[in-house]
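These are my notebook entries on a predicted model. I set down what I looked up, entry by entry.

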Amino acid sequence: MNTRKKVAFYTLGCKLNFSETSTIARGFTEEGFDRVDFSEKADIYVINTCSVTENADKRFKTIVKQAQKANPEAFVAAIGCYAQLKPEQLADVNGVDLVLGATEKFKITDYLNDLSKNDFGKVHSCEIEEADFYVGSYSIGDRTRAFLKVQDGCDYKCTYCTIPLARGISRSDALDNVLKNAKEIAEQNIKEIVLTGVNIGDYGKGEFGNKRHEHTFLDLVTELDTVEGIERLRISSIEPNLLKNETIDLVSKSRAFVPHFHIPLQSGSNEILKTMKRRYNRELYVDRVSRIKEVMPHACIGVDVIVGFPGETDEHFLETYHFLNELDISYLHVFTYSERDNTEAVEMDGVVPIKVRSKRSKMLRGLSVKKRRAFYESQLGTSRTVLFESENKEGYIHGFTENYVKVKTPWNPDLVNTLHNIQLTNIDDDGLVRFDFLKESVLNI
């Protein structure tokens, strides 16, 4: 009879959270637990929380209820960013037994000697100043790509953001360790690695547990480009002021780095950027986009933007809208500003009504659809490589080209996690791109 305890995980939020959940889950397996799906009956449910949007806060309660429904006797633990910022609030949620903050989450199995349900949630949460050590992580599993964490925390003081409060100071993994993790991933037949962190362009800082460092982000990407067995490397979000020409040039000539950048803008108004305490102006942003397009005309560029920040007038918003409309970018991630405790922005005047925020958000989401369509159209007729995903979506298999064009073709399980040469032909009714396989299309199996 199998007496091994079962554990299930639910991850909210960013790619960094996914990579950390995977590492924590591997720790449970080493301790003799069996991992099951969150919808199944488990002895322990671990919820990795996020604090970036209001929605993530509300979803937490729903997920706890889900766990209780699957097993009312189960032990429920909350970890992650929201657990660091508002531990008592999470501990008060009915059914939560344990709340672990930023430094404790990686030692979660140490807190699980007694799995009996608690009448009240126990909190183990450090002062965030203590979150100064680095835990390397990467996620693998059901994906054809892996998220490799290279950096954590942030020294920036953007006025709307709680991440420095939730994750602590900027610190990095040692270069040797990143390369070791990348090789481990390559050995598991994963074709693509996405580099993640809170502020990855800041890589190198805190390599030795202090501000001293030997390596830079450019060193990191240069070394990773030489790791054998990884077909594709993708840089996730990187701050415009930290994306240097040398990095752009390296990607343009790279063996494995793909021509896809995601660069947060947040506002197209210099006045708003200033009150957000961002470390660049719109002119620098234009310069970064121009540089990328100059050396990689086919590159895909994604943009984060926040609408409804305090003090954002109609004029400021239109300035952002027109700025983005004229910029040679490929898609937008639109965030509606939401008030966060313990941030400067929450005290600011000029609060934008919720209705106005959602109207602006809708306008920018509409612009994103237009931008993506125009980018896809510009790619028709070109030859690209595609990496196919593992899911059967209504009879189709999806994949992404190196420059992040989403394609589809009738489901064929043999295509999963393989790379092929294709020619993009037309855009389907659902906005995805159809293609023809080119002769000698298979790059590897």
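**Entry 1: a parallel strand pair**

I looked up the bridge partner of Asp304 in strand E15 and found His333. I then followed the chain between the two strands. E14, helix H11 (residues 314–326) and E15 make up a β-α-β unit, and I recorded its hand as right-handed.

**Entry 2: the four-stranded sheet**

I next asked in what order the four strands of the open sheet lie. The order is E7-E8-E11-E12, and I noted the pairing as mixed. Strand E7 (138–139) and E12 are the edge strands; each has a single partner strand, so one side of each has no neighbour in the sheet.

Within this sheet I examined the pairing of strand E8 (residues 145–149) with strand E11 (residues 192–196). These two run parallel and are joined by five bridges. For Leu148, I found the bridge partner in E11 to be Leu195.

I also checked how H6 is placed on these strands. H6 lies across E7, E8 and E11, and its direction makes an angle of about 165 degrees with E8.

**Entry 3: helix H6 against helix H7**

I turned to the packing of helix H6 (residues 175–186) with helix H7 (residues 217–224). Their axes are 11 Å apart, at an angle of about 30 degrees. I recorded the crossing of H6 past H7 as right-handed.

Which residues make the contact? From H6 I listed Leu175, Val178, Leu179 and Ala182, and from H7 Leu220, Glu223 and Leu224. Sorted by class, the contact of H6 with H7 has six nonpolar residues, one charged residue and no polar ones. I kept in mind that an α-helix has 3.6 residues a turn, so residues three or four places apart point the same way.

I then listed the buried residues of H8, which are Thr247, Ile248, Asp249, Leu250 and Val251. The elements that cover them include H7, strand E12 (232–235), strand E13 (260–266) and helix H10 (282–295).

Note on methods
Residues numbered from 1 in each chain as written. Predicted model: local features only at pLDDT ≥ 70, side-chain atom pairs only at ≥ 80, totals over all residues. Heavy atoms only, no water. Axes fitted to C-alpha atoms, helices over the stretch in contact; angles between N-to-C directions. Left-handed = near helix turned anticlockwise from the far one by under 90°. Contact = heavy atoms within 4.5 Å. Nonpolar A, V, L, I, M, F, W, Y, C, P; charged D, E, K, R; others polar. Buried < 20%, exposed > 50% of the residue type's maximum accessible area, 1.4 Å probe, protein only. Pairing = 2+ DSSP bridges. Right-handed = clockwise from strand over helix to strand, strands pointing away.
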